[in-house]
Amino acid sequence: MEFRKDFFADERAEGLKEVGHIRQRQDAVGHVTGRTKFFDDKKTTGLLHLKIVRSPHHHARIRNISTHEAERVPGVVRILRAADVPENIYTMLSLINVGIPDEPALAFDKVRYKGEPIVAVLADSPRTAHEGADKIRIDFEELPAVFDVEEALKPGAPLVNEYHGQNHFDYDGYSHQKVRLGDVERGFQEADHIVDERYQMSPIEHAPTETQGCIAVPSDDDRIDVYSNTQALFFSLDLSALILKMPSNRLHFMGGTVGGGFGGKVDTLVEPLAILGAMMTGKAVRHSFSRRDEMRAGPPRGAERIYIKDGVMNDGRIVARQMRIYFDAGAYSRLSAYGAVKAAAHCPGPYTIANVYVESYCVYTNRTPSTAMRGFGVTGVDFALEVQMDKLARTVNIDPMEFRLINAYRDGDMKAHHKRTEGAALIECVQAVSDLAGWQIDPKYRSYSSRQPGAAPAAAPSPASQPSASAPPPPPPPSSPPPGTTAPSASSRISSMFRRGR
Amino acid sequence: MSQVPIQFKLNGQDKAEFIDEAATLLSVLRGKVGITSPKAGCEQGTCGTCSVLIDGELRLSCITLAQTCAGASIETVEGMDTDGKLHPLQQAFLDRFAAQCGFCTTGMLMAAKALLDKNPNPTREEVVDAISGNICRCTGYEPIIEAILDATGGSAGSYRRA
């Protein structure tokens, strides 16, 4: 195996002596002896068990909730409803001033996805908690639901989330994120071939072997001890404090041992209600997703629909790339506003293309809210881009490896985000992979280097194609809301961060 | 729910508990005895994280009625290392980086021990078959298979029943 440092000896970092060797994990002895304490191993007796009653509908108004029958089940200790949650409406990224509160910890007026939590039952055993939950009666009025990102953006589509007022996240008054370089229409006119394709990613459940969960224990020092398997300990702590309207120094979170996460344990879905239950009963509360909860209501990877229209020359150069991305957030924002920005930031892939036009939408639908998963935003775009690259190579009858070498970005090339490329190594990577796979490439591509200018025409941003801040909103679809309809400050800090190139 | 008495051996030691009639072995081990190496991954008999040995046979404790274990000898990972010395399988899992998040590891070790106790020199196919009921979502199957093969020492008879 060769690394970048093998190709670029002057960049060699001598401290890298661990790669390629097996090193024992610090927690490995605990793992093989069974002594590692996961959250569920911290306290196994004297617990109340919290069971969530979830929406059976994708979209419905809640007419009435009756808890009387459940309260009479022996062993049921307490029932939590929306009114018990001090700050019921929240949004995850409010901690970094992104987005507006758009999601209830417990639904009260309507439900926006199948599996949405409505009532929490606390009981002295898992069995009695299930029995109590089974006796909660909720009267629903079903509403039309929308499950397709493009259907959701059409006029007259059911409004998923009233807090947003439209079925997309608002980026500083724009309906989507933009990337602009050169003149994509002129590029299409010059091109020998146009390849216009549609790609669709699936939502994917992380399915960790350990489901999401926590145990909240009232402590003698007037704090609540919380054993959690969150992937984002301080995020969960701060969000719990925010939802419960309490100082965060009254919460003592203990975590760091996660039985598989892959992004699925980033959302703060179990701790706030467990802590609230512990405060209201004075008892330790265990809130652990069943496997059914995990599969049905646990957030998946957000599905993306991606359109790519490319102009390519007979000699293999891509001269224009237009992309339209719809990121399916599901019913609530969670991290998806950021995911759509990541998707835009990854376009047009590691290739030098003089004319680029990208729009990326974060869309609300009545599907399960999506979340982080292993490079979310980027992975979906890469899937679409690399399949597209193979299709382009076939269109102009060029070897797919050589096709990538022709278009690979090189140090100094102007990227679609108006920054010069640094530290490129795609050419060397493709050369090395070709060798390892025994894939013959033409000797002339052997001489290619990321450090030398390539065949692709150097793109220079003209005054007319400055970054998105000053770009006028493009024509619909769908129509952008008039700028200034929402407070510009906190609602879309992400896009500002993105434009500053952080 | 009425309570019933039960006696069994756990890692060689006698145990006696009063348990719910309908209690699973997993809930008794974790909630009554305080043994936490068997994990509740799915609680429907599909993931293998709750695996234990009952009279030498690999079993899923989450779908085993605890009452049916009266008089049985139950083994968990807690009983694998003795006097501070790791079992050859535990050492091989360490050496081969066969544990990542660790949640499936205890079940994997039980499945591997069930195999090697009966067949000290298995083929690779037999190892794969033996852990086919255990899910590893960190997808570390290859190092796990290599670790189990390592523990056999690669030659007949090198694996000693612990």
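Modeller: Contact here means heavy atoms within 4.5 Å. This is a predicted model, where local features need pLDDT of at least 70, side-chain atom pairs count only at pLDDT 80 or more, and totals for chains, interfaces and linings use all residues. Residues are numbered from 1 along each chain as its sequence is written, chains are lettered from A in the order in which they are written, and side-chain values use heavy atoms, without hydrogens and water.

Colleague: How many residues of chain B are in contact with chain A?

Modeller: Take both sides of the interface. Chain A brings 31 residues. On chain B the number is 32.

Colleague: Which residue of chain A forms a salt bridge with Asp81(B)?

Modeller: A salt bridge is a side-chain nitrogen of Lys or Arg within 4 Å of a carboxyl oxygen of Asp or Glu. That rule finds 4 across the interface of chain A and chain B. In one of them, the closest N and O atoms are 2.8 Å apart, and the partner of Asp81(B) is Arg35(A).

Colleague: Which helix of chain A gives the most to the side that touches chain B?

Modeller: Helices (H or I, at least four residues) and strands (E, at least two) are DSSP runs, numbered from the N terminus. Helix 2 (28-33) and helix 3 (39-42) of chain A each supply at least two residues of that side. The top contributor, with 5 residues, is helix 2 of chain A.

Colleague: Which are the edge strands of the sheet in chain B?

Modeller: Two strands pair if DSSP finds at least two bridges between them. Five strands form an open, mixed sheet in the order 2-1-5-3-4. Pairing on one side only marks the edges: strand 2 (13-20) and strand 4 (57-60) of chain B.

Colleague: At about what angle does helix 3 of chain B run to strand 3 of chain B?

Modeller: Axes are lines fitted to C-alpha atoms, for helices over the stretch in contact, and angles run from 0 to 180 degrees between N-to-C directions. Helix 3 (residues 105-118) lies across strand 3, strand 4 and strand 5 of chain B. To strand 3 of chain B, helix 3 of chain B runs at about 35°.
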